[in-house]
Amino acid sequence: MFAQALATTPVPSKSLQANSIEELRRGVAALAPELFGRALRMSRSSALAEDLVQDTVERALRFENQYRPGTNLKAWVHQILFSVFITKCRRNRRERRALDVLYSDPNAWTAAPAVSEMTALSPPTLRALEAIQEVYREALILVDLQEMTYKDAAEKLGVPVGTVMSRLHRGRRLLAKALEADRDASLVQCNMLE
């Protein structure tokens with residue numbers, strides 16, 4: 001039955017494909033005012049909203065071959081807008097961090113990068129991190145310390161994204177307990193010294 005359906009399904013001609021691309025382009029252009037309104041609500045800046053819409057339209061046109069005719073064009077373009085907005089937010093956050101570093105130390109850009117992010121942790125935090133199981137520690141290091149996305153961490157660990165999220169949740173709780181236990185042990189030692 002499946003083979004019979006395939007045999008009777010017409011193969012789209014080049015002119016039909018060209019028509020659907022033209023319809024997509026007209027549809028994206030027609031959605032521009034609506035996209036601007038949403039971008040303005042997200043960014044709260046007219047200039048930034050214009051940039052977001054321009055980047056969204058550019059990305060939609062660049063990936064027009066990935067759009068499936070018959071699907072919801074409005075939802076597809078709005079998802080692109082949201083993705084562009086999140087990407088800009090992340091880029092701005094990285095830029096602010098870099099500028100903060102340069103503001104505090106103008107020669108920071110000439111300094112060699114740190115060997116490891118782990119060197120920036122306090123000794124009690126390092127002890128607490130080493131005290132938790134390796135699967136949770138790996139997730140914490142990749143996402144919280146190295147600032148990887150859940151997806152990238154999942155690929156690196158070879159597990160689904162949901163597993164990374166679960167390990168992070170559990171790892172953070174274990175880390176908090178380990179830090180609390182270390183703090184309590186330090187307080188006991190301080191009390192004994194007094």
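Modeller: A polar contact is a pair of N or O atoms within 3.5 Å. The model discussed here is predicted.

Biologist: Which residue's backbone oxygen lies 2.7 Å from a polar atom of the side chain of Thr56?

Modeller: Thr56 is part of helix H3, which spans residues 46-62. A polar atom of the Thr56 side chain is 2.7 Å from a backbone oxygen. That oxygen belongs to Leu52.

Biologist: Is Thr56 buried or exposed?

Modeller: The cut-off for a buried residue is under 20% relative accessible area. Thr56 has 0% relative accessibility, so Thr56 counts as buried.

Biologist: What is the phi of Arg44, and is Arg44 buried or exposed?

Modeller: Arg44 sits in the loop between helix H2 (14-43) and H3. Most residues other than glycine have a negative phi. Arg44 is not a glycine, yet its phi is positive, near 60 degrees. Because its relative accessibility is 75%, Arg44 counts as exposed.

Biologist: Where does Glu147 lie, and what is its relative accessible area?

Modeller: Glu147 is found in the loop between helix H6 (134-145) and helix H7 (150-157). Glu147 also has a positive phi, about 55 degrees, although it is not a glycine. Partly exposed covers the range between the buried limit of 20% and the exposed limit of 50%. Glu147 is partly exposed, its relative accessible area being 47%.

Biologist: Which residues form the positive surface patch, and which helix holds Arg94?

Modeller: The positive surface patch is made up of Arg90, Arg91, Arg93, Arg94 and Arg96. Of these, Arg94 lies in residues 73-104, helix H4.

Methods. Residues are numbered from 1 along each chain as its sequence is written. This is a predicted model: local features need pLDDT of at least 70, side-chain atom pairs count only at pLDDT 80 or more; totals for chains, interfaces and linings use all residues. Side-chain values use heavy atoms; hydrogens and water are left out. Patches are made of residues with over 30% relative accessible area and no salt bridge: like charges are joined within 9 Å, nonpolar side chains (Val, Leu, Ile, Met, Phe, Trp, Tyr) within 5 Å. Accessible areas come from the Shrake-Rupley method with a 1.4 Å probe; for residues, only the protein chains shown count as cover. A salt bridge is a side-chain nitrogen of Lys or Arg within 4 Å of a carboxyl oxygen of Asp or Glu. Lys and Arg count as positive and Asp and Glu as negative; His and the chain ends are not counted. The place of a charge is taken as NZ of Lys, CZ of Arg, CG of Asp or CD of Glu. Helices (H or I, at least four residues) and strands (E, at least two) are DSSP runs, numbered from the N terminus. Buried means under 20% relative accessible area, exposed over 50%, partly exposed in between (1.4 Å probe, protein chains only). A polar contact is a pair of N or O atoms within 3.5 Å; within protein, one must be able to donate a hydrogen and the other to accept it, and residues adjacent in sequence count only if both atoms are side-chain atoms.
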